[in-house]
Amino acid sequence: MLIINEQQIQKQYHMADAIRDVTGMLKAKLQGQINSPHRTVLDFPERQASALYMPSADMANKISGVKIVTIFPENPRQGKSTTQGVILLSDGDNGEHVAMMTASYLTRLRTGALSGIATDLLARKESRVLTVIGTGAMAFEQVLGVLAVRAIEKIILVNRTSEKAQRFGEKLAAFGVEIPYTVETIVSSAVQQADIICCATRSKDPVFNGEDLKPGTHINGVGSYLPSMREMDETTILRADKIVADDIAGVKEEAGELIHSSAIGAWSFDQLHAELGQLVVGDIAGRESESEITFFKCVGAAYFDLAVAKGVYSKVEASGAGMHVEL
């Protein structure tokens, strides 16, 4: 078995790789080549935490994977990461377990890639201002995904703690992002200026007022992944001309803002515009006018993790990196 750590992955596998591989997986899913049972979530209420078990298989390429990821929000107080995970890859011909790799970075990367793909299909081509609400670990790759597909000229950072937003901006600069950023403490102002909004929070309450959205805005919502979480308010849901899901079955079970709007009768899942893969292959149109407000809702699915894990395994194995162990 090949053991691959996060440093080796980050050295060899980047946003462009993830966008390519996730795009391919979206196409394969529509072609019926992917087996992806619904994930199992174990909650730890006393820690406001969760453990997610996510299996999937690429039947055409004969490889399967399972990701186990834990999300413990109180961990930073102990000097530990909020999100921790591993992915196990197995050969679909003989069942051999071929690789084990850390999954935290890949989870962030594949989610950023999904937002990048959605942004490319749904945001206005001339979008120049990106507002980021929530500057935790998941947000960094959200920014990279958007920057991969749009010529952003200004980044506005919003976080409950301004100091954390400032550190996030400094991290972007250290990474090589030369786009100017500002830290905004007034959420309404940040939303009103935005062409694209990325929300990456675990909030149980809406993080902005949908009335502040200007026509033509595109929103990526990736932070809420449980029915109890709601990053968007009903106004945003109702103002959105097109709502696109990363995985329709997943959002029906886990997208709190959509579940809430459906439960109170304000909106129906029948009003979903499409699944992202349908836009990728051109079966359904993405943005069709400059004034449309579009919303991409992402809760994640195991086959997205399989897409990037396959890509990492291929690159690392070819390079001779990683550590081989006998089990």
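User: Where is K62 found?

Analyst: K62 is found in the loop between strand 4 and strand 5 (63-71). Helices (H or I, at least four residues) and strands (E, at least two) are DSSP runs, numbered from the N terminus. The model is predicted: local features need pLDDT of at least 70, side-chain atom pairs count only at pLDDT 80 or more, and totals for chains, interfaces and linings use all residues. Residue numbers start from 1 along each chain as its sequence is written, and side-chain values use heavy atoms, with hydrogens and water left out.

User: Why does K62 count as partly exposed, while Q48 counts as exposed?

Analyst: The terms rest on relative accessible area (1.4 Å probe, protein chains only): buried is under 20%, exposed is over 50%, and partly exposed is in between. K62 has 43% relative accessibility, so it counts as partly exposed. Q48 has 52%, so it counts as exposed.

User: What about K171: which class does its relative accessible area give?

Analyst: K171 has a relative accessible area of 47%, so it is partly exposed. K171 lies in helix 5 (residues 162-175). From K171 to I248 there are 77 residues in sequence and 34 Å in space, C-alpha to C-alpha.

User: How do you know how compact the chain is?

Analyst: The chain has eleven helices and 16 strands. Its radius of gyration is 19 Å, close to the 20 Å that the rule gives for 327 residues, so the chain is as compact as a globular protein of that length. Along the principal axes, its C-alpha atoms fill a box of roughly 55 × 40 × 40 Å. Buried residues make up 53% of the 327 residues.

User: Which strands form the open sheet, and in what order?

Analyst: The open sheet has eight strands in the order 10-9-8-11-12-15-13-14, with parallel pairing. Strand 10 (181-183) and strand 14 (274-275) stand at the edges: each has a single partner strand, so one side of each is left without a neighbour in the sheet.

User: How do you know that strand 9 and strand 10 pair?

Analyst: Two strands pair if DSSP finds at least two bridges between them. Strand 9 (residues 154-158) and strand 10 have three bridges and run in the parallel sense. In one of the pairings, L157 has V183 in strand 10 as its bridge partner.

User: How many bridges join strand 8 to strand 9 and to strand 11?

Analyst: Five parallel bridges join strand 8 to strand 9, and four parallel bridges join strand 8 to strand 11. V132 stands opposite L157 in strand 9, while T131 has I197 of strand 11 as its bridge partner. Strand 11 in turn pairs in the parallel sense with strand 12 over four bridges, where C199 stands opposite G221.

User: What makes strand 8 mostly covered?

Analyst: Five of its five residues are buried. V129, T131 and I133 point one way, and L130 and V132 the other way. In a regular strand the side chains alternate between the two faces of the sheet. Strand 11 is set out in a like manner: I196 and C198 point one way, I197 and C199 the other, and all are buried.

User: Why is helix 4 called largely enclosed?

Analyst: Eight of the nine residues of helix 4 are buried, so helix 4 is largely enclosed by the rest of the structure. Among them are F140, V143 and L144.

User: How do helix 3 (residues 104-122) and helix 4 cross?

Analyst: Their axes (lines fitted to C-alpha atoms over the stretch in contact, with angles from 0 to 180 degrees between N-to-C directions) come within 7 Å and cross at roughly 35 degrees. Contact means heavy atoms within 4.5 Å. The residues in contact include Y105, R108 and L109 of helix 3 and E141 and Q142 of helix 4.

Notes:
Rg over C-alpha atoms; globule rule 2.2 N^0.38 Å.
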